[in-house]
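Please look at the sequence and the model first.

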Amino acid sequence: MIALTLARIAEVVGGEVVADPPVASEPVTVTGPVVIDSREARPGGLFVAFVGERTDGHEHVPQAAEAGAVAVLGSRPTTLPTVVVADPQQALQRLAAHVVAEVRRAGRLTVLAITGSQGKTSTKDLLGAVLEHAAPTVATRGSFNNELGMPLTALRTEADTRFLVLELGARGRGHIAELTDLVRPDISVVLNVGQAHLGEFGSQDAIAEAKGELVQALTATGTAVLNHGDERVAAMARLTDGSVVTFGDGAGADVRVEDLTLDRLGRPSFVLATPQGSVPVALQVVGSHQALNAAAACAAALAAGLDPAQVAQALDEVTTLSQWRMELRELDRGVIVLNDSYNANPESMRAALDALASIGADPGVRRTVAVLGEMRELGDSGHEEHEGVGSYAAALGVDLVVVVGDAAHGIRDGAGERAVAVADNVEAVAWVQEHIGDGDAVLFKASRGARLDEVAAALQ
């Protein structure tokens with residue numbers, strides 16, 4: 001974060017500085033990171049204390065101080081100099097908006113924001129890597145994309161930051177608008193409108209309306225980067241008076257994926273055709289769907305001023321994405337593990353199964369095994385969607401589908417005789433340790449709450 005005195009922070013957020021004993025004549029200045037977890041505090045940093053159902057952050061101030069934090073933003077005085085406010089979350093958001101506005105005024109900061117039902121984090125990772133290749137860049141860590149995660153990302157902006165990449169999620173209408181009221185994007189990327197959180201939104205049209213808030217947030221000189229192949233996303237072009245750039249794998253997209261092939265581990269190579277020329281790309285991450293994510297990242301990077309050659313070179317060098325997203329490991333005993341256990345919805349399930357099937361096409365693979373758990377927040381269509389995933393796995397020829405937990409039993413119904421049902425993660429661990437052998441390729445995929453990363457870790 002840019003350096004700010006505690007008095008200035010209090011002025012920005014509408015709080016009062018309280019210190020006991022009183023602050024010395026030298027003003028307290030925050031020069032380090034802003035954190036909400038005392039274990040992540042660093043020298044010169046600001047610790048934001050929240051009172052939750054299970055814990056009170058104010059009680060962890062000594063730990064933050066020991067790690068080097070010099071001040072607190074909270075709802076009551078602490079043992080460190082504290083900016084006391086009525087609502088720490090609102091104050092955190094105000095501070096983030098102020099920091100970004102200051103850096104924008106002083107330099108050439110470009111804010112890029114990404115949303116979509118699936119692929120947000122992978123696309124953000126790819127885009128962040130491309131932009132970092134060109135200039136100092138701050139990007140969302142993991143999928144820290146809500147009303148706390150977004151401002152914490154924005155607060156990592158420094159005076160020399162050239163690009164700020166924000167991943168934005170939504171659990172309902174108005175959520176994205178609230179975040180973009182704090183930090184308006186110069187470039188808005190909408191990937192798709194799928195069925196993630198369908199139970200909360202009620203319909204895909206409602207999801208589209210919520211995602212469209214990111215396009216509406218653009219200024220007249222902003223750029224919308226839209227998926228040409230998704231009707232609901234393409235229709236968002238009418239929501240802005242700014243420029244529109246499309247990406248996709250079909251004719252008519254401004255940035256297109258052409259000549260897509262996969263290697264033995266399911267890693268895509270392709271050509272990105274752009275208005276500035278075509279460039280070859282060979283990704284080191286898994287899944288044909290990553291090519292479309294790369295096209296979205298390319299379209300956004302071009303809108304930010306990069307050229308196709310810069311984009312292609314940076315994409316070729318990306319080796320990892322955020323944790324538990326299409327993580328590929330080849331174990332010593334010849335087992336291939338594809339850990340995509342961070343989250344799941346019907347569309348991302350099919351994409352992961354496609355990747356597993358492509359790996360299984362290699363003659364060195366003995367058997368493909370999909371360890372699948374529950375997809376949450378699907379509403380009334382939950383059983384039908386789970387059954388569809390099981391049927392899709394069977395149609396692809398996945399040899400075994402290990403279904404974890406009763407909530408995912410629709411997958412078992414769809415996969416039929418290829419399915420093996422286990423009650424929970426404990427049984428799943430026992431099953432994979434007993435049955436997975438040399439030459440097997442194993443996928444782990446479920447919604448975050450299923451914690452299938454625990455099962456993958458036991459195998460690895």
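Gln276 sits in the loop that joins strand E15 (268–274) to strand E16 (277–282); helices (H or I, at least four residues) and strands (E, at least two) are DSSP runs, numbered from the N terminus. The model is predicted, so local features need pLDDT of at least 70 and side-chain atom pairs count only at pLDDT 80 or more, while totals for chains, interfaces and linings use all residues. Residues are numbered from 1 along each chain as its sequence is written, and side-chain values use heavy atoms, with hydrogens and water left out.

- Gln276 is partly exposed, with a relative accessible area of 49%; buried means under 20% relative accessible area, exposed over 50%, and partly exposed in between (1.4 Å probe, protein chains only).
- Apart from neighbours within four places in sequence, Gln276 is in contact with Leu302 and Pro308, where contact means heavy atoms within 4.5 Å.
- Gln276 and Asp254 are 22 residues apart in sequence, and their C-alpha atoms are 10.0 Å apart in space.
- Pro268 belongs to strand E15.
- Pro268 counts as buried because its relative accessibility is 0%.

**Asn227 in strand E12**

- Asn227 is part of strand E12 (residues 223–227).
- With a relative accessible area of 7%, Asn227 is buried.
- The Asn227 side chain reaches the backbone nitrogen of Gly229 at 2.8 Å.
- Leaving out residues up to four places away in sequence, Asn227 touches Val190, Leu191, Asn192, Val233, Ala234, Phe247 and Leu292.

**Positive phi outside glycine**

- Asp259, a residue other than glycine, has a positive phi near 55°.
- Asp259 lies in strand E14 (residues 255–262), and its relative accessibility of 62% makes it exposed.
- Arg451 is not a glycine either, yet its phi is positive at about 55°.
- The position of Arg451 is in the loop between strand E22 (440–445) and helix H16 (453–459).
- Arg451 counts as partly exposed, at 38% relative accessibility.

- Thr29 is found in strand E3 (residues 29–30) and is partly exposed, with a relative accessible area of 32%.
- Thr29 and Val70 are 41 residues apart in sequence and 7.9 Å apart in space, C-alpha to C-alpha.
- Val70 is also among the contacts of Thr29 beyond four places in sequence, together with Ala3, Leu4, Thr5 and Gly44.
- Gly169 is placed in the loop between strand E10 (163–167) and helix H6 (175–182).
- Gly169 is buried, with a relative accessible area of 17%.
- The C-alpha atoms of Gly169 and Gly149 are separated by 9.9 Å, and the two residues are 20 apart along the chain.

**The chain as a whole**

- The chain has 16 helices and 22 strands.
- A compact globule of 460 residues would have a radius of gyration near 23 Å, and the chain agrees at 23 Å; the radius is taken over C-alpha atoms, and the globule rule is 2.2 Å times the number of residues to the power 0.38.
- Along the principal axes, the C-alpha atoms fill a box of roughly 75 × 50 × 45 Å.
- Of the 460 residues, 56% count as buried.
- Among contacts between residues at least 6 apart in sequence, 64% join residues at least 24 apart.
- There are 35 positive and 60 negative side chains, and the centres of the two sets lie 2 Å apart. Lys and Arg count as positive and Asp and Glu as negative, without His or the chain ends, and each charge is placed at NZ of Lys, CZ of Arg, CG of Asp or CD of Glu.

Note on methods:
A polar contact is a pair of N or O atoms within 3.5 Å; within protein, one must be able to donate a hydrogen and the other to accept it, and residues adjacent in sequence count only if both atoms are side-chain atoms.
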